[in-house]
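Subject: Structure handover

Hello,

The structure is below, followed by notes on what was found in it.

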Amino acid sequence: MGSGDALGGLFESILPGTTVAFIYETYSTSWELPLLMVKEMVESGNAAVITSYTKPAGHLFRDLKLMGLDVQKAMEDDLLFIIDIFGSRYHLQETAKNLFYLDQVDPETLNPKIWRIYTEHILPKIENKGLLRLVYPLHGVVQFAGEEPTTKLMSQIIAQYSSINSRSSMVVTLNKDTVSRSFTAWAVELSDYVFLSRIFLGKGNIEEHLYLLKAPIPNFKPSEFILKKTGKHGRERFRIKRILEEEGKKNGERLTL
């Protein structure tokens with residue numbers, strides 16, 4: 001990737017059947033990147049399920065539209081499904097096809113209820129399509145369940161959802177400023193791919209760096225990119241420039257995690 005490339009190509013090499021983590025900090029814009037992945041997935045004729053923990057459905061619709069996705073059409077065409085945990089908890093419900101709510105939200109019954117939605121309402125509709133499952137965000141699960149119960153819930157999900165076709169991948173987003181260091185370490189261990197973003201603020205300059213730190217690829221070497229928001233929609237919303245190793249050495253910048 002050269003100077004100012006569109007972002008979509010960065011995700012095209014992600015293997016199906018894997019878990020992808022986006023780990024970011026306060027003020028980062030990279031929390032939007034998985035929504036862009038949802039758009040790319042749906043517009044390629046595959047399916048996506050978003051399990052939303054910190055936003056009501058209406059806010060999620062808005063964010064997806066900013067990515068350039070026709071949300072209503074995607075849901076009507078059985079390509080986009082939303083399980084609104086936040087709305088279920090706070091009784092904020094909207095009506096739309098393939099928008100699902102739980103009667104009650106508690107850590108003990110959360111996974112069985114979500115799995116029932118998959119088996120009864122989602123999997124029969126998607127057949128053999130590729131499927132992206134977005135846990136949005138992972139720290140939203142922590143907020144109501146706690147860190148240790150969340151690790152158990154996610155481990156159950158990894159095991160149970162392995163029965164879904166091998167074209168199904170899970171994406172998790174995590175604001176590392178909201179959880180303990182040990183929980184972030186666990187999320188890294190959980191994931192096959194790990195993207196980490198870091199914001200650098202200066203006078204008249206805001207720069208976000210995106211690091212691909214982990215991938216299940218032979219001879220994998222970590223990569224660093226500068227991530228820029230363009231104000232446009234869809235694939236063009238972000239542009240990236242890969243920082244070559246020699247440039248990094250010249251800068252002399254080192255990241256403390």
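How far apart are the end C-alpha atoms of helix α5 (residues 107-126), and what should its 20 residues span? The end C-alpha atoms are 27 Å apart, which agrees with the 28 Å that the 20 residues should span at 1.5 Å a residue; the expected span is 1.5 Å times one less than the number of residues. Helices (H or I, at least four residues) and strands (E, at least two) are DSSP runs, numbered from the N terminus.

This is a predicted model: local features need pLDDT of at least 70 and side-chain atom pairs pLDDT 80 or more, while totals for chains, interfaces and linings use all residues. Residues are numbered from 1 along each chain as its sequence is written, and side-chain values use heavy atoms, without hydrogens and water.

Helix α5 has a kink of about 40 degrees centred on T119, the bend being the angle between axes fitted to the seven residues ending at a residue and the seven starting there. Buried residues in α5 include L110, W115 and I126 (buried: under 20% relative accessible area; exposed: over 50%; partly exposed: in between; 1.4 Å probe, protein chains only). After α5 comes E127, with a positive phi near 50 degrees.

H209 lies in strand β9 (residues 205-214) and is buried, at a relative accessible area of 6%. Among the residues that H209 touches are F200, F225 and I243, leaving aside those up to four places away in sequence (contact: heavy atoms within 4.5 Å).

R239, in strand β11 (residues 238-243), is partly exposed at 28%.

Regards
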